[in-house]
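Visitor: I am new to this structure and would like to learn how to read it. Could you show it to me?

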Amino acid sequence: MEIPYELLGRIFVYLLLFVLLGIVVALLIGFYSFKKKRVIFPNFVLFILYLFYSPAKLICSVFSIRETLVDEILIEVRNAVMLDDFINAKGPRAVFLPQCMRHASCRARCDPIIGYECKMCGLCDIGSICEAADEHGFTVYVIPGGSFVKKIMKAHRPTSCIGVACYDELSESMEEISFIPVQGVCLLKDGCFNTKVDVADVISKMEVCNV
């Protein structure tokens, strides 16, 4: 039986065009939702951009659009989708902060389960977030890596959480723990050392909760 290479080639081209069209549509819808703060077709946007994450970033690069736009859309759309469940969740609440927010002179001890235990020395913004967390019923975990999130989930079973990280790590982590309501806040300054976050933004996420 002769293999219909021409037909297979056409099918491949059509599928490729269909995928590219889907990615472009998802990016446009996500960008509209991101700019207007009005989310439409969130499940479609999340499904397409997570499934074709690398091609979506490549498309942005080809058109000289910042590649972080893909992550920004994923984070903001998921924030909007999960906001109501996050606000009304009962039980333990967590805030996950990256260890790179610590001051260079930080003397905090790293626990093998919960990460760094803040000494409230005032050298970085972590102490301020910890103080607000105590007021609003959250527990802060300063973690060296994503593996600690799994340990904390298993040991302390938070029912909702706030995550802080750089764009790509945050969008990936929010997908991994999407089985609980999560809100993400991107770092203002990244680089794996002496990073910064909008403390007021993190605290505002806590304040909306019915604790």
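This is a predicted model: local features need pLDDT of at least 70, side-chain atom pairs count only at pLDDT 80 or more; totals for chains, interfaces and linings use all residues.

Visitor: In which sense do strands S1 and S4 pair?

Guide: Two strands pair if DSSP finds at least two bridges between them, strands being DSSP runs of E with at least two residues and helices runs of H or I with at least four, numbered from the N terminus. Here S1 (residues 93-98) and S4 pair in the parallel sense over six bridges, and Val 95 has Val 140 of S4 as its bridge partner.

Visitor: Which residues of helix H5 are buried?

Guide: Buried means under 20% relative accessible area, exposed over 50%, and partly exposed in between, with a 1.4 Å probe and protein chains only. In H5 (residues 126-136) the buried residues include Ile 126, Ile 129, Ala 133 and His 136, and the buried residues of this helix pack against S1, S4, strand S7 (196-197) and helix H8 (199-207), where contact means heavy atoms within 4.5 Å.

Visitor: At what angle do helices H3 and H4 pack?

Guide: Two packed helices are described by the angle between their axes and the distance between the axes. H3 (residues 53-62) and H4 (residues 68-88) pack at about 125 degrees, with axes 8 Å apart, and the contact is made by Tyr 53, Ala 56, Lys 57 and Cys 60 of H3 with Val 70, Asp 71 and Leu 74 of H4.

Definitions and conventions:
Residues are numbered from 1 along each chain as its sequence is written. Side-chain values use heavy atoms; hydrogens and water are left out. Axes are lines fitted to C-alpha atoms, for helices over the stretch in contact, and angles run from 0 to 180 degrees between N-to-C directions.
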